[in-house]
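Me: I want to learn how to read a fold from its coordinates. Can we take it feature by feature, general idea before the case at hand?

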Amino acid sequence: MLMIKNTIKQLNLSDDCNIHKLTARYSLIFPNLLLNYHRDLIKDNDFVILFSYFFKRTSCHFFSIKKGYFSLIIDQILDDLNDYNGNILEKVFF
């Protein structure tokens with residue numbers, strides 16, 4: 001998350017730019033379908049977390065977030081993140 005935070009500081013992105021983060025043990029079968037689904041969903045939302053039983057056995061974690069919203073909340077959640085304790089980003093966001 002620090003890498004994403006520092007990268008968006010370097011880029012001149014608008015606050016309504018969508019950022020997609022995907023962590024998966026296996027390659028996705030339908031990446032374009034997933035990205036299009038999230039792109040359409042995030043039009044009216046600042047933040048969308050993937051929840052699907054389709055990805056249950058693949059250990060897939062995915063979210064889309066608007067850059068402006070991400071910038072507002074990232075510093076508040078960094079201390080709570082701990083993969084070893086099961087506090088993955090999507091869980092902390094939720």
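Reply: Start with strand pairing. S1 and S3 are joined by six bridges and run antiparallel. Keep in mind that this is a predicted model.

Me: What holds the strands of a sheet together, in general?

Reply: Strands of a sheet pair through backbone hydrogen bonds, either parallel or antiparallel. Here S2 and S3 also pair in the antiparallel sense, over three bridges.

Me: In what order do the strands lie in the sheet?

Reply: The order is S1-S3-S2, in an open sheet of three strands with antiparallel pairing. S1 and S2 are the edge strands, since each pairs on one side only. From one strand to the next, the twist averages 10°.

Me: How do side chains point along a strand?

Reply: In a regular strand the side chains alternate between the two faces of the sheet. Now look at cover on S3. Five of its six residues are buried, so S3 is mostly covered, with buried meaning under 20% relative accessible area.

Me: Which elements lie across the sheet?

Reply: H2 lies across S1, S2 and S3 and runs at about 35° to S3. Helix H3, residues 67-77, lies across S1, S2 and S3 as well, running at about 100° to S3.

Me: Which residues of H3 are buried, and what do they pack against?

Reply: The buried residues are Lys67, Gly68, Phe70, Ile73, Ile74 and Ile77. They pack against helix H1 (2-10), S1, S3 and helix H4 (89-93).

Me: Now the loops. Where is Cys17, and which residues does Cys17 touch?

Reply: Cys17 sits in the loop between H1 and S1. Leaving out residues up to four places away in sequence, Cys17 touches Ile65, Lys66 and Lys67. Ile65 is 48 residues from Cys17 along the chain, with 8.4 Å between their C-alpha atoms.

Me: Why does Cys17 count as partly exposed?

Reply: Its relative accessible area is 25%. Buried needs under 20% and exposed needs over 50%, so Cys17 is in between.

Me: Where is Asn45, and how does its accessibility read?

Reply: Asn45 is in the loop between H2 and S2. It counts as partly exposed because its relative accessibility is 33%. The C-alpha atoms of Asn45 and Ser64 are 9.5 Å apart, and the two residues are 19 residues apart along the chain.

Me: Let's finish with the whole chain. Which elements does it have, and in what order?

Reply: The protein chain has four helices and three strands. From the N terminus on, the elements run α-β-α-β-β-α-α.

Me: How many residues does the chain have, and what share is buried?

Reply: There are 94 residues, and buried ones make up 29% of them. The chain exposes about 6900 Å², with carbon and sulfur atoms supplying 52% of it.

Me: What share of the contacts joins residues at least 24 apart in sequence?

Reply: Take the contacts between residues at least 6 apart in sequence. Of these, 61% join residues at least 24 apart.

Terms used. Residues are numbered from 1 along each chain as its sequence is written. This is a predicted model: local features need pLDDT of at least 70, side-chain atom pairs count only at pLDDT 80 or more; totals for chains, interfaces and linings use all residues. Side-chain values use heavy atoms; hydrogens and water are left out. Two strands pair if DSSP finds at least two bridges between them. Helices (H or I, at least four residues) and strands (E, at least two) are DSSP runs, numbered from the N terminus. Axes are lines fitted to C-alpha atoms, for helices over the stretch in contact, and angles run from 0 to 180 degrees between N-to-C directions. Contact means heavy atoms within 4.5 Å. Buried means under 20% relative accessible area, exposed over 50%, partly exposed in between (1.4 Å probe, protein chains only). Accessible areas come from the Shrake-Rupley method with a 1.4 Å probe; for residues, only the protein chains shown count as cover.
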